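Here is a friendly briefing to read alongside the coordinates. It goes through aromatic pairs, the sheet and the helices in turn.

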Amino acid sequence: MLIRYKKAFEKIAMGLLSFMPEEKDIKKLQETMKLYDEAEDWQLYLWKEEDIVGAIGARITADEVKIQHISVNPSFRQEGIGKKMLRALKDIYSDKRLVPNSSISAFFYKCEQEEDPVQ
């Protein structure tokens, strides 16, 4: 289930985002979290099963959802969680087009090409 990020989940969210290569540096990660906390057009969601195991973040514009981050706890990878997060985000923003940034485009298009595409 996709839940909206709250400040109470900051450490969990930072831990998940730190698995992304461009977020390894703590200062960069702190800047990213500040964007999700303060910028109205940046939204971060967490994937919760029994525990929070994934994060997906996007910049929302009038007609598109530009996915900036997608990360799954390594212990839960290869279970389809990333694809589930993409589908859930598509459901939330059904009136907008999902667009990946360059760092997640390969994963995004792989999901899109599978039997049950994201879009």
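Trp 42 has a relative accessibility of 12%, so it counts as buried, the cut-off being under 20%. Please keep in mind that this is a predicted model.

**Aromatic pairs**

- Three aromatic pairs turn up when the whole structure is searched.
- Phe 108 is buried, with a relative accessible area of 1%, whereas Tyr 109, at 40% relative accessibility, counts as partly exposed.

**The sheet**

- Five strands make up an open sheet with mixed pairing, and their order is E1-E2-E3-E4-E5.
- The edges are taken by strand E1 (2–4) and strand E5 (97–100); each has a single partner strand, so one side of each has no neighbour in the sheet.
- On average, and ignoring direction, neighbouring strands of this sheet are turned by 35° against each other.
- Within the sheet, strand E3 (residues 52–60) pairs with strand E4 (residues 64–72) in the antiparallel sense, over seven bridges.
- Arg 59 has Lys 66 in E4 standing opposite.

**Helices on the sheet**

- Helix H1 (residues 10–17) lies across strand E2 (42–48), E3 and E4, and runs at about 85° to E3.
- Helix H2 (residues 26–38) also packs on the sheet, where H2 touches E2, E3 and E4.
- The direction of H2 makes about 100° with that of E2.

**Helix against helix**

- Two packed helices are described by the angle between their axes and the distance between the axes.
- For helix H3 (residues 81–92) and helix H4 (residues 105–113), the axes come within 11 Å and cross at roughly 80°.
- Angles of 65 to 115 degrees count as roughly perpendicular, which is why H3 is described as roughly perpendicular to H4.
- Which residues meet where H3 contacts H4? Gly 82, Lys 83 and Leu 86 in H3 meet Phe 107, Phe 108 and Cys 111 in H4.
- Sorted by class, this contact of H3 with H4 has four nonpolar residues, one polar and one charged.

Definitions and conventions:
Residues numbered from 1 in each chain as written. Predicted model: local features only at pLDDT ≥ 70, side-chain atom pairs only at ≥ 80, totals over all residues. Heavy atoms only, no water. Axes fitted to C-alpha atoms, helices over the stretch in contact; angles between N-to-C directions. Helix = DSSP H or I, 4+ residues; strand = E, 2+ residues; numbered from the N terminus. Parallel < 35°, antiparallel > 145°, perpendicular 65-115°, else oblique. Contact = heavy atoms within 4.5 Å. Nonpolar A, V, L, I, M, F, W, Y, C, P; charged D, E, K, R; others polar. Pairing = 2+ DSSP bridges. Phe/Tyr/Trp six-rings, centres within 6.5 Å; stacked < 30°, edge-to-face > 60°. Buried < 20%, exposed > 50% of the residue type's maximum accessible area, 1.4 Å probe, protein only.
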